[in-house]
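Welcome! Take a moment to look over the sequence and the model below, and then we will walk through a few of its features together.

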Amino acid sequence: MNQEKIGCFIAERRKAKGLTQRELAEILGITDRAVSKWERGKSLPDASLMLELCGELEITVNELLTGEVIKMEDYKKQAEENLLKMEKEREEKDRQLLNLEVVIGYFSSITFLILIFVASFVEMPSWLRLVLIVFGSIVFAVGVGKAIKIEQTAGYYECDKCHYKYVPEYSSVFWAMHMGRTRYMKCPECGKRSWQKKVLK
């Protein structure tokens, strides 16, 4: 989606309604800085604000995401294009998150191993040895927790039995046996346990 085009469209519709950035922000319960960022193409309105924003500007969500008023004959086609663009952007964001998960996992694991190695084989006072072990354990626990949270929310898991795609609870992912990003979990649709792969689409 073209954020600059959407921003110009928001500014154009706001001015047509005779509203300042501050007045529009007050109506939506946000800061005028947020409205300014939209209009400069630096960010998009949050999904929770889109309906209210569109109501105030007298446009549809489809028109907002397109950045222009849409003729009725083109409306359905444009809606489908916008949905496809949003889905592609979501998939790309999920892919980037899963790459971040790998970085966090490796960083926390390597940090933990280095600190444990140093605490085990380097001469030092007992209190410092304990500090290194505790610090390494904390880094590892926090890193693994964050990595699992990213894996849980980015994309979906697909049941091997019924091919149902879903986002499981954090605890289900945390406690499940796994091989890489494939986890042995119970499907909420068919109720069967199977090795479920991580998928983005």
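Let us begin with two phenylalanines: Phe 117 and Phe 121 are both exposed, a word used here for over 50% relative accessible area, with buried meaning under 20% and partly exposed in between (1.4 Å probe, protein chains only). This is a predicted model, in which local features need pLDDT of at least 70 and side-chain atom pairs count only at pLDDT 80 or more, while totals for chains, interfaces and linings use all residues. Residues are numbered from 1 along each chain as its sequence is written, and side-chain values use heavy atoms, with hydrogens and water left out.

**Aromatic rings**

A pair of aromatic rings is described by the distance of the centres and the angle of the planes. Rings of Phe, Tyr and Trp (its six-membered ring) pair if their centres lie within 6.5 Å; planes under 30 degrees apart count as stacked, over 60 as edge-to-face and the rest as tilted. The search of the whole structure finds six aromatic pairs. Two of them are set out here.

| Pair | Centre to centre | Angle between planes | Kind |
|---|---|---|---|
| Phe 117 and Phe 121 | 4.9 Å | 45° | tilted |
| Tyr 164 and Tyr 166 | 5.9 Å | 10° | stacked |

Phe 117 and Phe 121 are about one helical turn apart because they sit four residues from each other in helix H6 (residues 72-121). Helices here are DSSP runs (H or I, at least four residues), numbered from the N terminus. In the tyrosine pair, Tyr 164 is partly exposed at 33% relative accessibility, whereas Tyr 166 is buried at 8%. Elsewhere, ring pairs join Tyr 170, Phe 174 and Trp 175 into a cluster.

Which residues of H2 meet H4? They are Leu 24, Ile 27 and Leu 28, and their partners in H4 are Leu 49, Glu 52, Leu 53 and Glu 56.

**A buried glutamate**

Finally, look for Glu 151 in helix H7 (residues 126-153). With 2% relative accessibility, Glu 151 counts as buried. Leaving aside neighbours within four places in sequence, Glu 151 is in contact (heavy atoms within 4.5 Å) with residues including Leu 98, Tyr 157, Arg 181 and Lys 198.

Definitions and conventions: Helices (H or I, at least four residues) and strands (E, at least two) are DSSP runs, numbered from the N terminus.
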